[in-house]
Amino acid sequence: QRFRESEAWYRKMGIPYRRGYLLYGPAGTGKSSAAEALASELEIPIYVINLAQVSDSGLEQAIFEMSHDGIAMLLLEDVDTIMPARKEETGETDKTTATPAKLSLGTLLNALDGLAAASNLILVMTTNYPDKLDPALKRNGRADMHVEFGYATEEQIQAAVKRFLPDATPWQLARVAALKRPFPFCDLQELLKELVLEDEVDNSGDCSVDCMA
């Protein structure tokens, strides 16, 4: 909100009116969902590009085609996929877990704050592997704020259970307690959705064809 209200100052100082955020953490912890929720809260358009599926020319074209009167958000998902192929230790051998990137680092950097960069922009980059990123991607001016997304905390678990199942039964609470810690919030959300739907079916009695539909 402070950034949104500071446009006049940016213009006065001759600073490009952009701000960047790097959201990092394990898969399924809500990074992309948080960006989408923020755009909704600010009532601004959001453009989403999965960097694993775009080439140099494709990114430049996508940036060029962005059209918005006021401020907008650009969400770049899985920014680590443009880095050299990462490897995981699997005992005796290493297993490559990424394919060669179609997009070059230089093209991405130019799109973020070079001549090809858009203004009036909140840039959000997400990654599951922050340590794999080139330092140039993480520096101020490109990623002004770094925000870590971790696994679900006990406080978050209890709040989610209360929201989805305000009258949770001991059996339902036991299902939640049985989830192996730590886990991403998406695992909890899927379980709670399953429990809610099971509860609705159980409370409906004999389910007719209309009910199943």
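**Entry 1: strand 3 and its neighbours.** I began with strand 2 (residues 46-50) and found that five bridges join it to strand 3, the two running parallel. Strands here are DSSP runs (E, at least two residues), helices are runs of H or I with at least four, and both are numbered from the N terminus; two strands pair if DSSP finds at least two bridges between them. Tyr-47 has Leu-74 of strand 3 as its bridge partner. I then looked at strand 6 (residues 121-127), which pairs with strand 3 in the parallel sense over five bridges. There, Leu-76 stands opposite Met-125.

A note on my source: this is a predicted model, where local features need pLDDT of at least 70, side-chain atom pairs count only at pLDDT 80 or more, and totals for chains, interfaces and linings use all residues. Residues are numbered from 1 along each chain as its sequence is written, and side-chain values use heavy atoms, leaving out hydrogens and water.

Entry 2: Is strand 3 enclosed or open? Six of the six residues of strand 3 (residues 72-77) are buried, so the strand is largely enclosed by the rest of the structure. Buried means under 20% relative accessible area (1.4 Å probe, protein chains only). I checked both faces: Ala-72, Leu-74 and Leu-76 are buried on one side, and Met-73, Leu-75 and Glu-77 on the other.

**Entry 3: helix 3 and helix 4.** I looked up how the axes of helix 3 (residues 56-65) and helix 4 (residues 105-113) meet: they come within 9 Å and cross at roughly 10°. The two helices are therefore roughly parallel (angles under 35 degrees).

Conventions:
Buried < 20%, exposed > 50% of the residue type's maximum accessible area, 1.4 Å probe, protein only. Right-handed = clockwise from strand over helix to strand, strands pointing away. Axes fitted to C-alpha atoms, helices over the stretch in contact; angles between N-to-C directions. Parallel < 35°, antiparallel > 145°, perpendicular 65-115°, else oblique.
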